Amino acid sequence: MEIACVGGGPAGLYLSILLKRDDPGHDVTVHERDPEGSTYGWGVTYWRPLLDALHRHDPESARAVEEHSVSWRDGVAHVGGATVRHRGDTGHGIGRHRLLEILAARARSLGVRLAYGDEITGAHPPAADLVVAADGAGSAVRGRHAGAFGTRVRPGRNRYLWLGTTKVFDAFTFAFTETAHGWIWAYGYGYGPAHSTCVVECAPETWTGLGLDRADEGEGLVLLEKLFAGLLDGHPLTTRPRPGGGPLPWQPFRTLTNRTWSHGNLVLLGDAAHTTHYSIGAGTTLALEDAAALAAALRAPRARRARPALSDALARYERERRAALLPVQSAARYSARFYENLPRYLALPPEQMFALLGQRHSPLLPYLPPRLYHRLDRAAGQFAPARALKRRLGRHLARTAQARALARADG
């Protein structure tokens with residue numbers, strides 16, 4: 001097959017690797033609009049199950065990813081003047097720039113053509129047997145056929161901002177700061193020996209009350225460094241260079257869905273197909289899992305020989321990934337909801353607040369008073385009947401919420 005991947009992010013590059021591993025006869029080109037070596041963002045997070053899957057799919061790139069990643073076990077929350085630390089599962093971070101370097105080098109070694117500085121618009125898609133839109137949430141290729149895909153975008157309430165810092169966090173770190181205009185908080189995690197990612201979020205009234213909507217880049221960074229001085233230990237916050245400067249790029253998170261993921265020989269991958277709230281740290285993982293699922297669907301015996309078989313493969317890919325995404329998307333919705341209602345939980349003692357922070361994916365949490373939920377959760381850890389009750393209530397509420405969401409979508 002001749003395959004064109006539009007977008008040189010993790011999804012497009014990893015798909016190209018797996019396709020060439022499966023069949024060196026595939027003619028695969030990755031079209032990336034930006035120059036090679038330029039990327040946005042600082043670090044990405046992932047967990048051990050993804051690393052295990054990468055080792056199964058392509059051990060060579062997996063070894064390089066693992067070698068250049070950092071790890072942590074603890075979670076730390078700074079709430080006002082209190083600090084709480086919990087031991088959890090092992091998490092990993094890697095610089096986005098380094099991840100793309102690794103995947104691009106592996107793709108080239110397998111014979112993939114990488115066309116940097118090659119912007120593909122929806123009006124002029126590449127001529128290929130299969131065109132893969134892996135060009136992100138703002139996909140120009142998908143946008144040309146938005147009606148056919150049934151694209152919907154729902155903005156969240158809070159404003160957020162991705163930043164970097166030279167403060168190296170030894171744990172996945174949360175910091176919550178109260179101001180005269182409400183709470184503002186940050187998530188921080190390391191991704192290399194000298195750098196960390198720092199995501200800042202707040203409610204819109206806090207954003208405007210602090211003047212962050214009007215501050216230029218320098219003023220905004222200085223204000224945030226003051227608000228999170230205890231977290232940063234004197235280290236600066238940095239943002240990526242932007243032509244013309246101007247205010248910091250605050251925005252609401254946009255949840256993107258599509259009614260279908262394929263249209264003719266065009267298929268969606270990663271953020272072009274779906275987005276999940278950044279607070280669950282799953283964006284890159286889901287993109288790589290999408291790539292593995294699409295490669296597996298195309299690997300089926302008849303998938304290479306005829307256009308009807310290609311449509312079958314794309315339908316199989318979509319079915320499998322939609323099913324796998326359901327629990328992740330549910331967790332993301334409840335996580336976003338937790339932060340949009342954060343003052344509800346910050347009145348708790350810090351230990352209890354941090355415990356509920358770890359439970360923010362629960363469909364039960366929004367419907368119980370926080371202190372009652374905390375008592376139920378502790379009981380569930382000790383008594384089987386309480387665990388069973390918590391699971392039943394959670395499943396019931398999750399089904400009810402999903403039914404309402406589907407009803408709204410149909411309306």
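Two residues are said to touch, or be in contact, when they have heavy atoms within 4.5 Å of each other. In this predicted model, local features need a pLDDT of at least 70 and side-chain atom pairs count only at pLDDT 80 or more, while totals for chains, interfaces and linings use all residues. Residues are numbered from 1 along each chain as its sequence is written, and side-chain values use heavy atoms, with hydrogens and water left out.

Let's start with Ser335. By that contact rule, and not counting residues up to four places away in sequence, Ser335 touches Ser279, Ile280, Arg360 and His361. Ser335 sits in helix H11 (residues 307-340); helices here are DSSP runs of H or I with at least four residues, strands are runs of E with at least two, and both are numbered from the N terminus. With a relative accessible area of 0%, Ser335 is buried (buried means under 20%, exposed over 50%, and partly exposed in between, using a 1.4 Å probe and protein chains only).

Next come the aromatic rings. Searching the whole structure turns up 18 aromatic pairs. Rings of Phe, Tyr and Trp (its six-membered ring) pair if their centres lie within 6.5 Å; planes under 30 degrees apart are stacked, over 60 edge-to-face, and the rest tilted. Trp72 and Tyr189 make a tilted pair, 6.3 Å centre to centre with 35° between the planes. This pair links distant parts of the chain, since Trp72 is in strand S4 (residues 70-79) and Tyr189 in strand S10 (residues 182-190), 117 residues apart. Both Trp72 and Tyr189 are buried.

Trp162 and Tyr278 form an edge-to-face pair, at 6.3 Å centre to centre and 70° between the planes. Trp162 belongs to strand S8 (residues 152-165) and Tyr278 to the loop between strand S15 (266-268) and helix H10 (283-298), so the pair ties together parts 116 residues apart in sequence. Trp162 is partly exposed, at 31% relative accessible area, whereas Tyr278 is buried, at 13%.

Finally, there is a helix packing. Helix H13 (residues 350-357) packs against helix H14 (residues 370-380) at an angle of about 75°, with the axes 10 Å apart. Axes are lines fitted to C-alpha atoms, for helices over the stretch in contact, and angles run from 0 to 180 degrees between N-to-C directions. That makes H13 roughly perpendicular to H14 (65 to 115 degrees; under 35 is roughly parallel, over 145 roughly antiparallel, and the rest oblique). H13 contributes Gln352, Ala355 and Leu356 to the contact, and H14 contributes Pro370, Arg371, Tyr373 and His374.
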